[in-house]
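Morning, everyone. Please have the model open on your screens, and follow along as I talk.

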Amino acid sequence: MRFYFDVHDEIYSAVDNDGTTLPQVEDARKQANHIATAIARDVFDANGSKLSVTVRDQNNILFVMTISLVIEEP
Amino acid sequence: MNRDEIVEPLLRRLRVSTTLNEEDEQAIGNLPITLKRVGAGEPIVSYGDRPSSCCLVVDGFVLRSKIVGSGNRQILAFHQPGDIPDLQSLYLSEMDHDVSALGDAVLGFIPHSSLDDLIRRRPNVTKALWRDTLTDAAIFREWICNLGQRPASSRLAHLIIEIYTRLKAIGRTEGLSFAFPATQALFAEAIGTSSVHANRAIQSLRSEGVLELERGKVRIVDERQLKTIADFDALYLHLDPAP
């Protein structure tokens, strides 16, 4: 299956036009996790607080993975 | 393509940082070199191969890479005209990574026996190639720092400014622009990110007004700012003349 990973945060949006071939949706979830966690570091370093990866196949959105930064002070 | 044109990028590069006399340059010019044109992505030598010649990049670009356990490819280095990306195969017989063409390229294959003979006869050439190998290692050290410590946009900025600086040294830039046939996915493989992460890094450098990437071409808009973002200091390239 071919999966597409679009990334959105408060400043940038990147639409994936190339896509990646992976065996199943579970692999796409892992891939989305790798993408999101890696980019989250850059986003949070730049004072952003939220990042979403929208995972699509050729026709439909399959799921959206969102990472938010929450800082709690006592 | 005549002989002078074939070895010119190599001599030009070696002259930047080493002292070769006329006889040394003549000896390099007399090496038996077999030209070959390769297409984009075409393998040149691969992991496990035991090549009997080294390849000189005459025109175009070549990359070194390794496939890791997950199946992903890490690009280890980019090579430009005048580089000998698999010089190590002269004394390390079995290839431990892959060498392939980035875009269309012209390569010159030099038999190991001729190179070994040249090294025995011309101490200045030996010194130049040794120095070249050491600089190669210095570039790898900088890549470790780049991939291990910097955020994606800095990594990309660093990669771009490194390629630009090396190309400028052999006169292959036009102002602040240079031809470089890399796609977003390829840049991603070099800076150790996903393709969309590289896309985001490209967007951020573009929106900050420091860099434009067009198809097959890189244009630096603000060199100073790009160097700042890249945390770039050209010392490790050792482009100064050797003592």
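Let's start where the two chains meet. This is a predicted model. In it, 12 residues of chain B are in contact with 12 residues of chain A. Which helix gives the most to the side of chain B that touches chain A? Helix α7 of chain B, residues 195–207, with 7 residues. The residues divide into 4 nonpolar, 7 polar and 1 charged.

Zoom in on one helix pair there. Helix α1 of chain A covers residues 25–45. Its axis and that of α7(B) come within 9 Å and cross at roughly 30°. Angles under 35 degrees count as roughly parallel. That makes α1(A) roughly parallel to α7(B). Who makes the contact? From α1(A), we have Ile35(A), Ala38(A) and Ile39(A). From α7(B), we have Val196(B), His197(B) and Arg200(B). Sort the residues of this contact and you get 4 nonpolar, 1 polar and 1 charged.

Next, chain B by itself. Chain B is divided into domain 1, residues 3–137, and domain 2, residues 150–237. Taken over C-alpha atoms, the centres of these two domains of chain B are separated by 24 Å. How many residues of domain 1 of chain B are in contact with domain 2 of chain B? The count is 16 residues of domain 1, and they meet 13 residues of domain 2. On the domain 1 side, α1 (3–17) and β5 (73–79) of chain B each supply at least two residues. That side divides into 8 nonpolar, 5 polar and 3 charged.

On to the strands. A quick reminder first. Strands of a sheet pair through backbone hydrogen bonds, either parallel or antiparallel. Here, 4 strands of chain B form an open sheet. Read the order as β2-β6-β4-β5, with antiparallel pairing. Which strands stand at the edges? They are β2 (43–45) and β5 of chain B. Each has a single partner strand, so one side of each is left without a neighbour in the sheet. Neighbouring strands of this sheet are turned by 35° against each other on average, direction ignored.

β2(B) pairs with strand β6 of chain B, residues 98–101, over 2 bridges, in the antiparallel sense. Find Val45(B) there: its bridge partner in β6(B) is Val99(B).

Now look at strand β7 of chain B, residues 105–111. One partner is strand β1 of chain B, residues 34–38. They pair in the antiparallel sense over 5 bridges. Thr34(B) stands opposite Phe109(B) in β7(B). Strand β3 of chain B, residues 53–59, also pairs with β7(B). That pairing is antiparallel too, over 6 bridges. There, Asp59(B) has Val106(B) of β7(B) as its bridge partner.

Last stop: two helices of chain B. Helix α5 spans residues 152–169, and helix α8 spans residues 223–230. They pack at an angle of about 125°, with their axes 7 Å apart. Roughly parallel, or oblique? At that angle, α5(B) and α8(B) are therefore oblique to each other. The crossing of α5(B) past α8(B) is left-handed. Among the contact residues of α5(B) are Ser153(B), Ala157(B) and Ile161(B). From α8(B) come Leu226(B), Lys227(B), Ile229(B) and Ala230(B).

Methods
Residues numbered from 1 in each chain as written. Chains lettered and ligands numbered in written order. Predicted model: local features only at pLDDT ≥ 70, side-chain atom pairs only at ≥ 80, totals over all residues. Pairing = 2+ DSSP bridges. Axes fitted to C-alpha atoms, helices over the stretch in contact; angles between N-to-C directions. Parallel < 35°, antiparallel > 145°, perpendicular 65-115°, else oblique. Left-handed = near helix turned anticlockwise from the far one by under 90°. Contact = placed C-beta atoms within 7 Å. Domains from an automatic or database assignment. Nonpolar A, V, L, I, M, F, W, Y, C, P; charged D, E, K, R; others polar.
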